[in-house]
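Hi,

Here is the structure I promised to pass on to you. My notes on it follow just below, so do have a look at both together.

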Amino acid sequence: MLNKFILLVFSICTFTQISFATVWNVGPSQTYTLPSQVRLLVNDNDTIYIDGGIYSNDATKWVKNNLKIIGLGSASNRTILQYTGDIPNGKGIFVFETPGTCDNASIDNIVFDGAQVSDPNGANGAGIRFQANNLTVANCKFMNCQNGILEGNGSVSTSNVSIENSEFQNNGYQLQNDPTYSGYEHNIYISASADTLLVRNNYFHDPRGQANSIKTRAQRSFILYNLIDEGAGYGSWELNIAQGGLNIIIGNVIIQGPSGANHGIIGYDATTNALEDFYFVNNTVINKYNGNIKYFNNVPASGINTYKIYNNIFASVTGASNTMFSSNTPTVLDSSNNLVALNYLSLSFTNPTIDDYTLTLNSTAAINNGTNAGATNTNYPLTPAFMYQSFDSLLLLRAIASTAIDIGAYEYDIVTSTVPNAQSNLLSIFPNPCTNQVHIKLNLLKKELVIVSVTDLSGKIISSHNFEVLNGEQILQIETANLAKGIYLVKVYSGEKSITTKLVVN
């Protein structure tokens, strides 16, 4: 009997050991040189690391659950999945097609470039085509695609989609290099498959082909602390709420470019979801089109339960004809403490030419002139907790600096710069990627206490280090041998400054 028990225990332990998730490495110098080569080798819960470099014309339909796919490239050697011509699978570069067999996908630090499919196949190729349950995307870039992310499956209704710290550029349908041709593909298009959509700390810019920056049919959409700039692109709605739902839109900078298609910024198309509550709080909305524009276009004449607009800046170029509500003004409109300006330059933003809409001492129309927006009907707080600074940096904490919250996406005297990809000559980090150690070079003007924290991508602090640094150039050393392979954020606090940069550990 004892021998049988030992044999049983040994069998269980052996089975447990061989069922552990596997790590796969893809790269030019690896056994597998293309992501598609591991497609039928991976199992549920596996992790695929893809080295930096360009992977040309390689599209993959994944067929397992709980996959983590992580690019290890950085700076000038990012992990780029680049397609030229039509993708033969008719869907996209990464495809998750069947609910139950490829659920819970996590994609991190990968560039998706050039996804398109032919007109007969629908002309809506995507960097990521997701038709299963639960998608997480972080630190990615989608460029030159018909759709950046296209999500949806008629048999799914409870999927959760999270998109954070990512960039979307020049996406939308394009015919014969004509950026004004309309195919109505989008930076992201989330269907009614999604129960909850989270879009946080992303940079959307320069769409083509009348693309929406964000189009959502999700039951619940949280659009928080993003920079959405139509720029020189030819887009349509910056935000398209296609069939209502619970929409919580807080702390965004939203910019209508000078040459977009329909010259509308936020569209509300229909009331077909179970919830119909719209909250638009502490956003900075800028119109740069010198013509007739509409801030809100509300198609439904009835059916909306809540339509709350508090503490927003709505500002325009001079000479434009600005309509706050076109089509239908909601009968339940609750609007308070919004700032409307016919010349956005009159509001004394820090540097609008580089999308820096932080406030200055002269932004008196916005400072201390907001009000408490309360909470949603579902008890979600409507006071902004963060502020956008750059999609590749941590969000800035937002605290009310004086007697009342400031109007718009920023609180005066709390922030520094919001330039996308902005860095300072205060800091450099090397080697990056690293293995056992990383060095941080500082250039300080005076003796200061410097704090260096290392966090994972969720913001969890892995380690924290204090240094007393003299003025001039100093090099600090951080041990990384005990860190698991992956991507981390290094944040350096020096006096009143803080700088965040990515660190890749091999």
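The structure holds six salt bridges, a salt bridge being a side-chain nitrogen of Lys or Arg within 4 Å of a carboxyl oxygen of Asp or Glu. This is a predicted model, where local features need pLDDT of at least 70 and side-chain atom pairs count only at pLDDT 80 or more, while totals for chains, interfaces and linings use all residues. Residues are numbered from 1 along each chain as its sequence is written, and side-chain values use heavy atoms, with hydrogens and water left out.

One of the salt bridges joins glutamate 97 to lysine 61, with the closest N and O atoms 3.3 Å apart. That pair links distant parts of the chain, 36 residues apart: glutamate 97 is in the loop between strands S7 and S8, and lysine 61 is in strand S4. (Strands are DSSP runs of E, at least two residues, numbered from the N terminus.) Glutamate 97 is partly exposed at 28% relative accessible area, and lysine 61 is partly exposed at 25%; buried means under 20%, exposed over 50% and partly exposed in between, with a 1.4 Å probe and protein chains only.

Another salt bridge pairs glutamate 167 with lysine 141, at 3.7 Å between the closest N and O atoms. Glutamate 167 lies in strand S15 and lysine 141 in strand S12, so this pair ties together parts 26 residues apart in sequence. Glutamate 167 is buried at 8%, as is lysine 141 at 16%.

Glutamate 411 and arginine 398 also meet in a salt bridge, at 2.8 Å from N to O. Glutamate 411 is buried at 0%, and arginine 398 is buried at 9%.

Best wishes

Notes: Helix = DSSP H or I, 4+ residues; strand = E, 2+ residues; numbered from the N terminus.
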